[in-house]
Amino acid sequence: MAKVFINGQKRPRVQLLLAEKWRTALTADLQTDKRIQKTLLALREAFFELVLTYSYDEITVSDIIEKANVGRSTFYQHYKSKDEILAI
């Protein structure tokens, strides 16, 4: 598998492609409210950055909301669990 450098670290290309897929999914989102798009992007990017550093099982909702700088209730307005962030 080809590897590329992300944030100075060598990572599998599939991680880079997944990040791009999330960005594309946001722009294709039917929700037109810019605040919602910004929040979803922050949550997805925070999750993706954490996945690069920690294993999936080590990541908690608290870690995601802290990194994204959003409240817990905001997270749960958009997702039922961290598993739903993977569903695009």
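Me: Is Tyr 56 buried, partly exposed or exposed in this predicted model?
Reply: This is a predicted model, in which local features need pLDDT of at least 70 and side-chain atom pairs count only at pLDDT 80 or more, while totals for chains, interfaces and linings use all residues. Residues are numbered from 1 along each chain as its sequence is written, and side-chain values use heavy atoms, with hydrogens and water left out. Buried means under 20% relative accessible area, exposed means over 50%, and partly exposed lies in between, with a 1.4 Å probe and protein chains only. Because its relative accessible area is 27%, Tyr 56 is partly exposed.

Me: Which residue has its charged end over the ring of Tyr 56?
Reply: A charge sits over a ring if NZ of Lys or CZ of Arg is within 6 Å of the ring centre and within 35 degrees of the ring normal. Here the charged end in question is 4.1 Å from the centre of the Tyr 56 ring, and it belongs to Lys 82.

Me: What kind of aromatic pair do Phe 47 and Tyr 56 form?
Reply: Rings of Phe, Tyr and Trp (its six-membered ring) pair if their centres lie within 6.5 Å, and planes under 30 degrees apart count as stacked, over 60 as edge-to-face and the rest as tilted. The structure holds 3 aromatic pairs. In the one formed by Phe 47 and Tyr 56, the distance is 6.0 Å centre to centre and the angle between the planes is 80°, and the pair is edge-to-face.

Me: What pattern does the protein chain follow along the sequence?
Reply: Helices (H or I, at least four residues) and strands (E, at least two) are DSSP runs, numbered from the N terminus. The secondary structure of the protein chain comes to 5 helices and 2 strands. Read along the sequence, these elements give the pattern β-β-α-α-α-α-α.

Me: Where do the buried residues of α3 lie around the helix axis?
Reply: Helix α3, residues 61-68, has Val 61, Ile 64, Ile 65 and Ala 68 as its buried residues. The arc, taken from the directions from the helix axis to the C-beta atoms, is only 90° for these residues, which puts them on the same side of α3.

Me: Which helices do the buried residues of α3 pack against?
Reply: Contact means heavy atoms within 4.5 Å. The partners against which the buried residues of α3 pack are α2 (34-53), α4 (72-78) and α5 (83-86).
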